[in-house]
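Hi everyone, thanks for coming.

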Amino acid sequence: DLSRQVAIKYGMIDPNLKDKFGLPLTSRTVFFIGPDKQLKSSMNYPATVGRDIYELLRVCDALLLMERGSVATPASWPENHSNLVVDGKNMEGAVFLLPTVSEKTAKKF
C-alpha cells in the first residue's frame, strides 16, 4: 500500500512518527474478523513497537472460545485462570471460576 490509501481508510496511520520523506508511518495493526464477517477485536501498535505473537494467539484462541459458547477469558488466560462462563443476556446459572476455586465448589454457590 505505497499510497497508504488502505492504511488511511482503516485508521492505521501513526501521525507522530514520520518516514525519511516526512510522511506518517503506518501503525502495526491487527484485525480479528469473525466468521460472521464482523470485527471482533483490533490491536494497534506504534510502528516502532513489535507485536507479541503469543498475545495475538491468546486473543485469537479466546475469541474462538467465545464464538463456540458464552465464555469470557480474564487477563493472563489460560496460564493462571479458568474460563468465566457468561451469557450477556441471561446470567442465571452462570458459573464463575477463579484459579483457586474448583468447578464443583463453584456450583455450590
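This is a predicted model: local features need pLDDT of at least 70, side-chain atom pairs count only at pLDDT 80 or more; totals for chains, interfaces and linings use all residues.

Let's start with aspartate 14, which is buried (under 20% relative accessible area, with exposed meaning over 50% and partly exposed in between, using a 1.4 Å probe and protein chains only).

Residues are numbered from 1 along each chain as its sequence is written, and side-chain values use heavy atoms, leaving out hydrogens and water.

Back to aspartate 14, which sits in strand E1, residues 13–18. Strands (E, at least two residues) and helices (H or I, at least four) are DSSP runs, numbered from the N terminus. What does aspartate 14 touch? Not counting residues up to four places away in sequence, its contacts (heavy atoms within 4.5 Å) are Pro24, Leu25, Thr26, Ser27, Pro46 and Ala47.

Now for the charges that do pair up. Side chains of opposite charge can pair when their charged atoms come close. How many salt bridges does the structure hold? There are three.

One joins arginine 4 and aspartate 19, with the closest N and O atoms 3.3 Å apart. This pair links distant parts of the chain, 15 residues apart: arginine 4 is in the segment before helix H1 (5–9), and aspartate 19 is in the loop between E1 and strand E2 (24–26). Arginine 4 is buried, at 17% relative accessible area.

Another joins aspartate 36 to lysine 40, at 2.9 Å between the closest N and O atoms. Aspartate 36 is partly exposed at 39%, and lysine 40 is partly exposed at 35%.

Then there is arginine 58 with glutamate 55, whose closest N and O atoms are 2.9 Å apart. These two are separated by about one helical turn, because they lie three residues apart in helix H2, residues 53–68. Glutamate 55 is partly exposed, at 25% relative accessibility.

Let me finish with threonine 29, in strand E3, residues 28–33. Threonine 29 is buried or exposed, which one? It counts as buried, at 15% relative accessibility.

Notes: Lys and Arg count as positive and Asp and Glu as negative; His and the chain ends are not counted. A salt bridge is a side-chain nitrogen of Lys or Arg within 4 Å of a carboxyl oxygen of Asp or Glu.
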